[in-house]
Amino acid sequence: MRIMKSKAKDPTYHVIQDVRRGGKRSTEIIENLGRASEICSKYNVDDADTWANEYIEKLRADKESSNHKVLIPFQTDAFIQVDKQNSFNAGYLFLQDIYYKLGLNSICNKIKKDNSFAYDLNSILSRLIYGRILFPSSKLSCYEQSKKYLEQPDFDLHQIYRALSVLSDNSDYIQAELYKRSKKLMKRNTGVLFYDCTNFFFEIEQEAGIKQYGPSKEHRPNPIVQMGLFMDKSGIPLAFCINPGNQNEQLSLKPLEMQIMKDFELSKFVICTDAGLSSDANRRFNNFGERAFITTQSIKKLKTELKEWCLSTTGWTLEGSKKKYDISKLEDTPENRNKIFYKQRYIEGYDEERDITFDQTLVVTYSLKYRDYQKNIRERQIERAKKYLERPASSDRRSQSDAKRFIKKTPYTSDGEIAEKARYDLNEAAIKEESRYDGFYAVCTNLDDDPADIAKINHDRWEIEESFRIMKSEFEARPVYLQRDDRIQAHFLTCFIALMIYRILEKQLDDKYTCEEIINTLRSMDMRKIDEYGYIPCYTRTELTDAIHENAGIRTDYELTTPKSMAGIIRRTKGL
């Protein structure tokens, strides 16, 4: 530890120490002592330098004196105290470190200043976020779970519900501020933006407000809301929106994109979406200015001539090569299985509304590995279809990805008469037709980039799908139990912020660990409080716990951490 003094006329003094983060040596402020004039006035001294040097010597002496063996007396015939909490979670501190570095405390203070309420919005929001990551549950349970942390809640349950309304009213402001502040914490790559939609169901049957019946991605017979999410190429969430469950998801892209351009001051980017969001209107909207698009294209839905060109075996190339290949003559070798073949075709067009050209490029890829992947999926679906045939009444087709699409229903006899009982068989023609598309994948774009680069950009779209999976599984964002629209909006705002904080931590750990490993480790990092002696870790020290500690620049894994040291750790996670 040492003193750092600024060069201002009225210099500021800080206590700093050396730390290692991500394998790199750095320094961090562990205590802000204030300006020289404040020190002289507060401690009634004439020279701030002399006081600061004496103070740092005292801190060093205290640290040395604390490094000694401690004998803690226990009795075998003494019970622990009734209703006394002895175990506390310390894993949230590593989320709190990122929370405060994102400036969410300042955002909450600004909102509180602009509104008239007495409760601590920062305390409530932080607990909702930590709870969503570590102990996902209802708002009532979240309030109870927050008592597990080293810092106890200083708010009441009813204030949580009041805070939800305030958070909903300020959702756009919070998202915009988070983006601006996150750029100081890590590099944001907004040159490519991924967009996707999903929906979340409610454990109710009655529609109301934004809770509406619509096409559920989980095929549940419940009202749903729709969530649209933007993510940058760094894999960090950018913005989100919540819409009624019965709204066409294609309509959600343009309003949220316009909000990003306005609030985030972004104008140059490439929008990457799946086929379900690639409406002609959305493509034309991003064929303007410095905006562009890359969108998945269903080969089956192309016009016959384009479809046959996509499926043609000739005219394929490899990245960095001008040689033409015939994919029908490829040998199934390990070397060829790792290759991705490309071809592209320009499609001329015109935007009459804007009086500008609207040319697109159709990029098609082929992979032996992807061919076998699709074939294996279809074979498993065929096996399920055969089982459906054992129960004909349940064999009617439901969706384009359902195994029942491979079942053919014949309601007529060979003489053309209506049969008393419809006949169900495997639809061999449908199976043969679908197999034609094995290994092929297509995207449309208005970029002039190399087709290999375009395909690589589109490949990274899996991260936004992974983000939805994390929200639905690890964060247990559904089913949703809230009823009021504003509180529903606030619920997903906390899920969005929780996802951002988790993703930042994941990136800071170099993407070396799975979501389950990181969250389970933080969840298990409990500390046993031994009266006035301090805290003893009750978790297993691992390579991951070491990485988490090194990243945050704090340690909770000493054999014993004194109350004073723990208070200092908590202050450092808040940047104090």
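Contact here means heavy atoms within 4.5 Å. The model is predicted: local features need pLDDT of at least 70 and side-chain atom pairs count only at pLDDT 80 or more, while totals for chains, interfaces and linings use all residues. Residues are numbered from 1 along each chain as its sequence is written, and side-chain values use heavy atoms, with hydrogens and water left out.

**View 1. Gly-191 in the loop between helix 8 and strand 5.** Gly-191 sits in the loop between helix 8 (171-185) and strand 5 (192-201); helices (H or I, at least four residues) and strands (E, at least two) are DSSP runs, numbered from the N terminus. With neighbours within four places in sequence left aside, Gly-191 is in contact with Lys-268, Phe-269 and Val-270. Its relative accessibility is 33%, so Gly-191 counts as partly exposed; buried means under 20% relative accessible area, exposed means over 50%, and partly exposed lies in between (1.4 Å probe, protein chains only). Gly-191 and Ala-490 are 28 Å apart in space, C-alpha to C-alpha, and 299 residues apart in sequence.

View 2. Axes are lines fitted to C-alpha atoms, for helices over the stretch in contact, and angles run from 0 to 180 degrees between N-to-C directions. Strand 13 (residues 360-366) and strand 16 (residues 440-445) run antiparallel and are joined by six bridges. Thr-361 has Thr-445 in strand 16 as its bridge partner.

View 3. Strand 17 (residues 526-530) pairs with strand 18 (residues 534-537) over four bridges in the antiparallel sense. Tyr-535 in strand 18 is the bridge partner of Lys-529. Three residues lie between the two strands of this hairpin, where Asp-531 takes a positive phi near 45°. Asp-531 is a residue other than glycine and has a relative accessible area of 42%, so it is partly exposed.

**View 4. Packing of helix 17 against helix 18.** Helix 17 (residues 485-508) and helix 18 (residues 515-524) pack at an angle of about 105°, with their axes 11 Å apart. The two helices are therefore roughly perpendicular to each other; angles under 35 degrees count as roughly parallel, over 145 as roughly antiparallel, 65 to 115 as roughly perpendicular and the rest as oblique. Tyr-502, Leu-505 and Glu-506 of helix 17 meet Cys-515, Ile-518, Ile-519 and Leu-522 of helix 18. By class, this contact has six nonpolar, no polar and one charged residues; Ala, Val, Leu, Ile, Met, Phe, Trp, Tyr, Cys and Pro count as nonpolar, Asp, Glu, Lys and Arg as charged, and the others, Gly among them, as polar. In the loop between helix 17 and helix 18 lies Asp-511. Asp-511 has a positive phi of about 55° although it is not a glycine, and its relative accessibility of 43% makes it partly exposed.

**View 5. The largest nonpolar core, around Ile-497 and Ile-501.** A nonpolar core is a set of buried Ala, Val, Leu, Ile, Met, Phe, Trp, Tyr and Cys residues joined through side-chain atoms within 4.5 Å. The largest has 98 residues, and Ile-497 and Ile-501 have the most contacts inside it. Helix 17 supplies the largest share of this core, 14 residues. Another core, of 20 residues, lies apart from it and includes Trp-316, Phe-341, Leu-362 and Tyr-366. Beyond its neighbours within four places in sequence, Ile-501 is in contact with Leu-95, Ile-98, Tyr-99, Leu-102, Leu-104, Ile-129 and Ile-133.

**View 6. Helix 3 against helix 20.** The axes of helix 3 (residues 92-101) and helix 20 (residues 563-573) cross at roughly 35° and come within 8 Å. Leu-93, Gln-96, Asp-97 and Tyr-100 of helix 3 make the contact with Ile-569, Ile-570, Arg-572 and Thr-573 of helix 20. These residues divide into four nonpolar, two polar and two charged.

View 7. Arg-478 and Pro-479 are joined by a cis peptide bond, with omega about 5°. Pro-479 lies in the loop between helix 16 (462-472) and helix 17.

Key. Pairing = 2+ DSSP bridges.
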